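Subject: Structure handover

Hello,

Here is the structure we talked about. Please open it first, then read the notes below.

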Amino acid sequence: MPFCRPNKNGLRGREKNESGGGGEMDYSLAAVKVVCAQLKDARNTLSQNAVTLGGILFQRAWLQGVLISSPDDDGKLLLDDGTGVIQLCLSGEFRLRPWNPGMYVMVVHKIVDLSAFPDREAMWYLEVIEAYKLFYQPLIEDFV
């Protein structure tokens with residue numbers, strides 16, 4: 001899932017399709033570790049393929065949370081990370097996998113089931129805080 005952007009109904013994830021639609025992925029741009037609440041401040045850039053958050057340019061958001069719905073016919077499901085809910089759009093092989101409410105997953109271009117690792121949820125918030133302090137905060141302070 002390259003990036004997420006706000007819309008009038010809340011947050012919605014987008015995924016580049018397998019044939020290259022949705023633009024080229026720039027892997028020199030790191031996936032930012034964020035919580036859903038932070039994504040409401042993401043802004044479009046001149047490029048259709050990236051967004052900015054406090055001056056940080058990115059195409060992929062790294063999220064973790066609990067699935068609160070099963071995929072619908074369009075491959076959409078909801079993820080709750082405790083700060084907000086985001087709609088994910090499944091494509092390709094991910095539409096064929098069993099995604100069930102209650103699963104704890106990591107989303108960073110792919111969706112990975114972390115349910116077998118119950119400590120991951122508690123650790124996730126610490127990882128986001130650490131990434132913010134080490135990497136994002138200095139960039140944001142330089143930006144403003």
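Ile68 is partly exposed, with 42% relative accessible area. Keep in mind that this is a predicted model. Ile68 sits in the loop between strand 7 (61–67) and strand 8 (76–80).

**Strands 8 and 9**

Now look at Val85 again. Val85 is in strand 9, and Asp80 stands opposite it. Strand 9 covers residues 85–89 and pairs with strand 8. The pairing is antiparallel and runs over five bridges. The two strands form a hairpin, with four residues between them. Gly82 lies in that turn. Its phi is positive, at about 95°.

**His109**

Another positive phi belongs to His109, where the value is near 70°. This residue is not a glycine. Where is His109 found? Look in the loop between strand 10 (104–107) and strand 11 (111–113). His109 has 22% relative accessibility, so it counts as partly exposed. The cut-off for buried is under 20%.

**Aromatic rings**

Two notes remain. The structure holds one aromatic pair. Then find Trp62: Lys33 lies over the face of its ring. The distance from Lys33 to the ring centre is 4.5 Å.

Best wishes

Note on methods: Residues numbered from 1 in each chain as written. Predicted model: local features only at pLDDT ≥ 70, side-chain atom pairs only at ≥ 80, totals over all residues. Heavy atoms only, no water. Phe/Tyr/Trp six-rings, centres within 6.5 Å; stacked < 30°, edge-to-face > 60°. Lys NZ or Arg CZ within 6 Å of the ring centre and 35° of its normal. Buried < 20%, exposed > 50% of the residue type's maximum accessible area, 1.4 Å probe, protein only. Pairing = 2+ DSSP bridges.
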